[in-house]
Amino acid sequence: MRSGHLVLRNSQGLPQLVTDSSHASCNAEADSLSSVVIRTPPLPFPALMPGLNSFSQARAEELSSQWKGTNFLGGTTKNFIDGEFRESRTEKWIEVLDPATQTLLSRVPETTPEEFESAVDAASKAFQTWKKTSVLKRQRFALDLQALIRQNMDTIANAIVLEQGKTFADAQGDVLRGLQVVESACAIPTTLMGEKLEVSKDMDTETRKVPLGVCASIAPFNFPAMIPLWTIPVAIVTGNTLIIKPSERDPGAAMMIAELCQRAGLPNGVLNVVHGTVPTVNAICTHPKIKAISFVGGNKAGQHIYELGTKNGKRVQCNMGAKNHAVIMPDANKDQALNALLGAACGAAGQRCMAISVAVFVGAAQNFIPELVTRASKLQVNQGFEKGAEFGPVTTPAAKARIEGLIESAEKEGAKILLDGRNKQVPNFPNGNFVGATLIEVTANLTAYKEEIFGPVLCVINVGTLDEAIELVNANPFGNGAAIFTQSGPIARKFETEIEAGQIGINVPIPVPLPMFSWTGNKASFLGDINFYGKGGINFYTQTKTTTTLWRSDDAHVAGEGASVNMPVLK
């Protein structure tokens, strides 16, 4: 576990971080990034946030006035418990800062033990009635929720730009990929169907899927809408109740989705939202009423959650870190391959667990590298609402420092820096957490190759043959995804067959399955037995009940022969 921080501010009002080992963030996608914690109660939010430009200010005012559970003007984020947005009584608050300006947007509570217990009690009570609710009524909730999310997509995207730093277009994609899971959940009357078979004369055996009970979901900072929506619709339409802990760095989207669930008619207590860092995570892992935990984030946090959760008898799924490779063959469509590499490496500032972070050039494909560098140098990094921005800042100053530190380590260890994105200056945003597109020619023994950088950094490796490329990819401990760019069917078949990663792209850089399938990362990228969403999601949130019934046909008779119009006679 890494340390958290207290906040001090300099004369310009910018945060200066001081280590506080008593607080560590458990749901960071990159484990070295820590939360920012203050110990004083929140102050009333100001009417004007001087660090935001006029456009961002207008979005912050609009969001703060229209949504109950969150604030973007320096106020507080609420707990959502038993259908109510409740102000926390905590004395520990976490600052949410705009990554482009370091402007204070909101203060997130470290949910108290009493508040957490209230959330579990509400979910437990609601489960007693929700599990008996018809599948058609649960489907109706999903149908109404998908309509509301679609209507509010741009509004949720605005919140993501402010808190997380993505470009507006990328934030819209974040919401859309979550919405697709909701749409898939609308098929629950079909996907929840059981099976029945007459196994012997007059004897039937049938199976059906029944809910687990109170479940929990711990979400990361890098997809504030999509990851909560991986779990909320699937858990709820299968008859469970859910407690979600969004990232303490950007909880706004999750709070807005919770409010949309309420507008869609979800009964009180079926969905609850709590906040915090290690204490809240540990409470989720140890509470006896919580039956299952879904987690997306870094490896250290995921390993802790998996071990503690399973130790306490819970079903756990953890999607964790990655080091995804793309292999470029000499016969690849050069234009397509280079554009795909840059989009997959630098989109969302590289803060994706399916980002391409290593490009493996085979043989003569090495001749593509100079043009790759030229194209990368033209990528525009800027604040997410700015016209022409192709990717935004990374989420925290600590993330920026870590990324630049790994670039520096590569340089010291002998790597060739082909394009250096350190010390990136963006006009009008001098305090942003900006890192420009970076390309580094590395070898497999370097720190920058071994670690998940989680920034807009692409490591480049040259090999002689496809077999060497496959050996390199398979030697990597992670297994989220891998891609190949080629125009040869046999080469693509060999790659797909021999690569060990769980999600393979053939001329597709980020092969994330749509929700009619399931997420299938493997090796060190996943802990658990059952995958996220799709059929895997349905199975994760249900258990199978089997019933065997015997009704003998010989026993079928009418207790009397009914009315007779004949003259009664003695028989």
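**Group meeting: salt bridges, a helix and a sheet**

I begin with E496, which counts as partly exposed at 37% relative accessibility; here buried means under 20% relative accessible area, exposed means over 50%, and partly exposed is what lies in between, with a 1.4 Å probe and protein chains only. Before I go on, please keep in mind that this is a predicted model, in which local features need pLDDT of at least 70, side-chain atom pairs count only at pLDDT 80 or more, and totals for chains, interfaces and linings use all residues. Residues are numbered from 1 along each chain as its sequence is written, and side-chain values use heavy atoms, with hydrogens and water left out.

E496 forms a salt bridge with R493, and the closest N and O atoms of the two are 3.9 Å apart, where a salt bridge is a side-chain nitrogen of Lys or Arg within 4 Å of a carboxyl oxygen of Asp or Glu.

How many salt bridges does a search of the whole structure find? The search finds 21, and I will take a few of them in turn. In helix α8 (residues 252-263), E259 and R263 are 4 residues apart and therefore separated by about one helical turn, and their salt bridge has its closest N and O atoms 3.0 Å apart. E259 is buried, with a relative accessible area of 3%, whereas R263 is partly exposed at 42%.

The side chains of R422 and D420 also meet in a salt bridge, at 2.7 Å from N to O. R422 counts as buried at 19% relative accessibility, while D420 counts as partly exposed at 38%. Beyond such pairs, K334, D335, E371 and R375 are linked in a network of salt bridges.

Turning to helix α2 (residues 113-130), its 18 residues should span 26 Å at 1.5 Å a residue, and its end C-alpha atoms are 25 Å apart, which agrees; the expected span is 1.5 Å times one less than the number of residues. Among the buried residues of α2 are E115, F116, F127 and W130.

Next comes a sheet. Three strands form an open sheet in the order β9-β10-β26, with antiparallel pairing, and two strands are taken to pair if DSSP finds at least two bridges between them. The edge strands are β9 (195-200) and β26 (542-550), each of which pairs on one side only. Strand β10 (residues 203-211) is joined to β26 by 9 bridges, and the two run antiparallel. Within that pairing, M203 stands opposite L550 in β26.

F517 is found in the loop between β23 (503-506) and β24 (522-523), and it counts as exposed at 57% relative accessibility.
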